[in-house]
Structures are given as structure tokens and as C-alpha cells.
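Let's take a friendly walk through this protein together.

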Amino acid sequence: RASHILFNTQGADDVAKAAAKVRAQDVLTQIKGGASFETMARINGSDGTAQQGGDLGYFSNNGRMIPAFENAVFGQ
């Protein structure tokens, strides 16, 4: 089971991608400082999981997710 906060940069230029990275780092800092992950996902997430606090539910290591994400989740 995993959760995430997606910052969508698809189709964005380099300036917008850099701004999204700064925003993501700020959100991570807030979470590490005690902010609720679920609340931060609801506020900042840009995909359909945002309203569920970023919850992706249960999934297996079968290629359903992008490889980098599966590797991070399953520790490969």
C-alpha cells in the first residue's frame, strides 16, 4: 500500500518544472515538520488520489505503476 502527492509537470516548461520542484520540496519539509500527509495531499495533489489523501491503495509489483515508483515502493 502506498500514498503519494503528485505534482503534475506534464507539458510544462523548465521554469514551471523548477517551480513545481520547489513546491514539492516545501510540502516535504512541512510533512517532516509534522504536517499531515493526507491534508497536504488534498491541498497539493494534482491527480485523482488527492481527495483520498494521496492513497493509492494496495498494488503489486507488476508494472501497473511507473518503474521508478515501483522501485521506491518495493525497495528494488
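**How two helices cross**

Let's begin where H1 passes H2, in a right-handed crossing. Keep in mind throughout that this is a predicted model. Helix H1 covers residues 14–32 and helix H2 covers residues 37–44. Their axes lie 10 Å apart, and the two helices pack at an angle of about 155°. Since an angle over 145 degrees counts as roughly antiparallel, H1 is therefore roughly antiparallel to H2.

Which residues make the contact? On the side of H1 you will find Arg23, Val27, Gln30 and Ile31, while H2 brings in Phe37, Met40 and Asn44. Sorted by class, the contact of H1 with H2 holds four nonpolar residues, two polar ones and one charged one.

Now step back to see where this pair of helices sits in the whole. The protein has three helices and two strands, and, read from the N terminus, its elements follow the order β-α-α-β-α. Of the 76 residues in the protein, 24% are buried. If you take the contacts between residues at least 6 apart in sequence, 47% of them join residues at least 24 apart.

Is Lys32 buried or exposed? Its relative accessibility is 68%, so Lys32 counts as exposed. From Lys32 to Gln51 the separation is 19 residues in sequence and 21 Å in space, taken from C-alpha to C-alpha. Gly33 lies in the loop between H1 and H2, and it too is exposed, at 68% relative accessibility. Between Gly33 and Leu56 there are 23 Å from C-alpha to C-alpha, with the two residues 23 apart in sequence.

Finally, turn to the aromatic rings. How many aromatic pairs does the structure hold? There are two. In one of them, the ring centres of Phe59 and Phe74 are 5.8 Å apart and the ring planes stand at 90°, so this pair is edge-to-face. The pair links distant parts of the chain, its members being 15 residues apart: Phe59 sits in the loop between strand E2 (55–57) and helix H3 (67–74), whereas Phe74 is in helix H3.

The two partners can also be described by their accessibility. Phe59, at 12% relative accessibility, counts as buried, because the limit for that class is under 20%. Phe74 is partly exposed, its relative accessible area being 34%.

Note on methods. Residues are numbered from 1 along each chain as its sequence is written. This is a predicted model: local features need pLDDT of at least 70, side-chain atom pairs count only at pLDDT 80 or more; totals for chains, interfaces and linings use all residues. Side-chain values use heavy atoms; hydrogens and water are left out. Rings of Phe, Tyr and Trp (its six-membered ring) pair if their centres lie within 6.5 Å; planes under 30 degrees apart count as stacked, over 60 as edge-to-face and the rest as tilted. Helices (H or I, at least four residues) and strands (E, at least two) are DSSP runs, numbered from the N terminus. Buried means under 20% relative accessible area, exposed over 50%, partly exposed in between (1.4 Å probe, protein chains only). Axes are lines fitted to C-alpha atoms, for helices over the stretch in contact, and angles run from 0 to 180 degrees between N-to-C directions. Angles under 35 degrees count as roughly parallel, over 145 as roughly antiparallel, 65 to 115 as roughly perpendicular and the rest as oblique. A crossing is left-handed if the near helix is turned anticlockwise from the far one by less than a right angle, and right-handed if clockwise. Contact means heavy atoms within 4.5 Å. Ala, Val, Leu, Ile, Met, Phe, Trp, Tyr, Cys and Pro count as nonpolar, Asp, Glu, Lys and Arg as charged, and the others, Gly among them, as polar.
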